[in-house]
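Hi everyone, and thanks for making the time.

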Amino acid sequence: MSNTLANETHQRSLKDFLNLYNTITEYCFNKCISKFNERAPSQNETSCVDVCTDNYVQFNQRFMFNFVDHQERRKQDLERAAAEAAAKEQEEQQKQLQQAAAAFAAGQEQAAADMAAASTSSSPVLADIPLKTGQATELLENLAAAGATAASVTTSQNLPVSSTATERLEQEAK
């Protein structure tokens, strides 16, 4: 596989060289050779062909150097643009994370404020507070130990308990 690739690359290079050689030959011949009366070119024609080929080869070298340089700069520009886009995207994600964290913190603060307001405001009915089974059992045991009546029972947080709340707690305990 690599041998085939190397052979194709070699053939491509040879084709490019022969194309350049034929182009130079045709251009310089048309430019410098004007007399067809003699077998050999004159001294002026020979020096013209030498200068022409040197100039053409130098031009071709400069052109190829500039072409390669341009391709490298273009590649670097594309890489830089891709890196900037990735950095911008990462920055946007960071902003979104910060906004989410700020919203979460604000929600936590609001919940804490609501809890504080609920504990200082008029005592809520215990039936409005959702309890887990273990909490309901513990609350019923505390109520029974205190010997309080269902109409005027208060919890350890001094919250009044209605008769429907007591019934609910008893049902959850079962």
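Predicted model: local features only at pLDDT ≥ 70, side-chain atom pairs only at ≥ 80, totals over all residues.

**A walk along the chain**

Residues are numbered from 1 along each chain as its sequence is written, and side-chain values use heavy atoms, with hydrogens and water left out.

Now back to Asp 69. Which residue does Asp 69 form a salt bridge with? The partner is Arg 73, and the closest N and O atoms are 3.1 Å apart. By salt bridge I mean a side-chain nitrogen of Lys or Arg within 4 Å of a carboxyl oxygen of Asp or Glu. In general, side chains of opposite charge can pair when their charged atoms come close. Asp 69 and Arg 73 are four residues apart in helix H2, so about one helical turn separates them. Arg 73 is partly exposed too, at 44% relative accessible area.

How many salt bridges are there by this rule? The count comes to three. In another of them, the side chains of Asp 77 and Arg 80 meet at 2.9 Å, N to O. Both of these residues lie in helix H2, three residues apart, which is about one turn of the helix. Asp 77 is partly exposed at 41%, and Arg 80 is partly exposed at 45%.

For the remaining pair we move to helix H1, residues 2–32. Here Arg 12 and Asp 16 form a salt bridge, 3.5 Å from N to O. Arg 12 and Asp 16 are four residues apart, again about one turn of the helix. Arg 12 counts as exposed, with 53% relative accessibility, while Asp 16 is partly exposed at 40%.

Let's step back to the whole chain. It has four helices and two strands, and the pattern along the sequence reads α-α-α-β-β-α. Those helices (H or I, at least four residues) and strands (E, at least two) are DSSP runs, numbered from the N terminus. Of the 174 residues, 11% count as buried. The accessible surface is about 14,400 Å², and 55% of it belongs to carbon and sulfur atoms; areas come from the Shrake-Rupley method with a 1.4 Å probe, and for residues only the protein chains shown count as cover. Among contacts with a separation of 6 or more, 59% are between residues 24 or more positions apart. Contact here means heavy atoms within 4.5 Å.

Cys 32 lies in helix H1 and counts as buried, at 7% relative accessibility. Setting aside residues up to four places away in sequence, Cys 32 touches Glu 45, Cys 48, Val 49 and Cys 52. The C-alpha atoms of Cys 32 and Asn 44 are 8.4 Å apart, with the two residues twelve apart along the chain. Lys 31, also in helix H1, is exposed, with a relative accessible area of 55%.

That brings us to Glu 45, in helix H2. Is Glu 45 buried or exposed? Glu 45 is buried yet has no salt bridge, and the nearest side chain of opposite charge, Lys 35, is 6.2 Å away. For that comparison, Lys and Arg count as positive and Asp and Glu as negative, with His and the chain ends not counted. A polar atom of the Glu 45 side chain does lie 3.1 Å from the backbone nitrogen of Ser 42. Beyond neighbours within four places in sequence, Glu 45 is in contact with Cys 32, Ile 33, Ser 34 and Lys 35.

One last stop is a nonpolar patch on the surface, formed by Phe 59, Phe 63, Met 64, Phe 67 and Val 68, with about 480 Å² of accessible area together. Patches are made of residues with over 30% relative accessible area and no salt bridge, joining like charges within 9 Å and nonpolar side chains (Val, Leu, Ile, Met, Phe, Trp, Tyr) within 5 Å. Val 68 sits in helix H2, residues 43–120, and is partly exposed at 41%.

Notes. Buried < 20%, exposed > 50% of the residue type's maximum accessible area, 1.4 Å probe, protein only. Polar contact = N/O pair within 3.5 Å; in protein donor to acceptor, adjacent residues only side chain to side chain.
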